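Thanks for coming, everyone. I'll take you through one model today, so let's bring it up on the screen.

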Amino acid sequence: MTSKDKDLKDIILEALPQLQCKKCEYKDCEAYAEAIINNNESLNRCEPGSLQTENQLRNILRQSQKVITVNEIKKFSIAEIKHEDCIGCTICIKVCPVDAIIGAKHKIHFIINDQCNGCELCISECPVNCMEMIVNPAEESWAWPSQKSYQSKNFYNNKKLRLNNQKKEKVLARERLASSAKIKSYIKDALLREENKRKQTKVYE
Ligand code: SF4
Ligand code: SF4
Ligand code: SF4
């Protein structure tokens, strides 16, 4: 990717809602932005952003814009947990892209309303169907780029960084274990060789 493409990617990425919801069939907003630049992907794949996002993308890429009626402006929801049914399986924590759920194994989980971006990824994953989307009591809709979309992008990037670091630490721990097993087996072989030598010497004596 040239530096000009990278600049364009950053501009396109900024125009996306940052829900990281995969509804565009890309793994996150950044992957969709890259596909628009590299594969000429269509501009109407972001379902949560709907026509607003499509028009922002059209504007950036100097294409004519579509007319948006008031009904087409999306309202945003957030997730809610029916606490009496939550079994504390922790699945929703793992799928949430922006760390908006807190809880521990076998304990009731909670949504951090300010952090939930309404991506809906957790809803279908809950094994006991105790999650649902509700109208965000704090704000009925949000546009982007906005403080909310920047916040969502930051939470997502922080989670990605944390998971990558955990992965690296696991690999390092495995390597350390393997190398200590190697050293142990090397010492064991050396002791065995010494023992055999001693036995041989006794035979000659
Ligand atoms: S917010 Fe839009 S661009 Fe981002 S992952 Fe969801 S559908 Fe794709
Ligand atoms: S709590 Fe659910 S809906 Fe909200 S951001 Fe996390 S996964 Fe998405
Ligand atoms: S996925 Fe459902 S049951 Fe499991 S911790 Fe989350 S809310 Fe509770």
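One term before we start: two residues are in contact if their C-beta atoms, placed from the backbone, lie within 7 Å. Helices are DSSP runs of H or I with at least four residues, strands are runs of E with at least two, and both are numbered from the N terminus.

This is a predicted model, where local features need pLDDT of at least 70, side-chain atom pairs count only at pLDDT 80 or more, and totals for chains, interfaces and linings use all residues. Residues are numbered from 1 along each chain as its sequence is written, while chains are lettered from A and ligands numbered from 1 in the order in which they are written.

Overall layout. The chain has 5 helices and 4 strands. Their order from the N terminus is α-α-α-β-α-β-β-β-α. The C-alpha trace spans about 105 × 55 × 25 Å along its principal axes.

Next, burial. A residue is buried with 20 or more other C-beta atoms within 10 Å of its own, exposed with 12 or fewer, and partly exposed in between; the C-beta atoms are placed from the backbone. Buried residues make up 22% of the 205 in the chain. Among contacts with a separation of 6 or more, 59% join residues 24 or more positions apart.

Which residues of α2 are buried? In α2, residues 29-39, they are C29, E30, Y32, A33 and I36. Seen down the helix axis, they fall within an arc of 165°, so they line one face of α2. The arc is that of the directions from the helix axis to the C-beta atoms. As a reminder, an α-helix has 3.6 residues a turn, so residues three or four places apart point the same way. The face of α2 turned away from the buried side carries the exposed residues N38 and N39. The buried residues pack against α1 (3-15) and α3 (50-60). N40 follows α2 with a positive phi, near 55°.

α3 next. Its buried residues are T53, E54, Q56 and L57. What do they pack against? The partners are α1 and α2. Just after α3, R62 has a positive phi of about 55°.

Two loop residues to look at. E25 lies between α1 and α2. E25 is not a glycine, yet its phi is positive, about 75°. E25 counts as exposed because it has 10 C-beta neighbours inside 10 Å. D99 is in the loop between α4 (91-95) and β2 (101-102). D99 is also a residue other than glycine with a positive phi, near 50°. With 14 other C-beta atoms within 10 Å, D99 is partly exposed.

On to the cores. A nonpolar core here is a set of buried Ala, Val, Leu, Ile, Met, Phe, Trp, Tyr and Cys residues joined through C-beta atoms within 7 Å. The largest has 14 residues, and those with the most contacts inside it are A79, C92, C96, A100, I101, I111 and C122. β1 (77-81) and α5 (147-204) each supply at least two residues of this core. Apart from it lies another core of 11 residues, including I12, L16, C24 and L57. Back to C92: beyond its neighbours within four places in sequence, C92 is in contact with I101, H109, C122, E125, C126 and M131.

Last, the ligands. A residue is near a ligand if its C-beta atom, placed from the backbone, lies within 6 Å of it. Ligand 1 has 16 residues around it, with L19, C21, C24, C29 and C46 nearest. Around ligand 2 there are 15, and A79, C96, C116, C119 and C122 come nearest. Ligand 3 is surrounded by 14, the closest being C86, C89, C92, H109 and C126.

One more residue, then: N158, in helix α5. N158 is exposed, with 12 other C-beta atoms within 10 Å. N158 and F76 are 82 residues apart in sequence and 23 Å apart in space, C-alpha to C-alpha.
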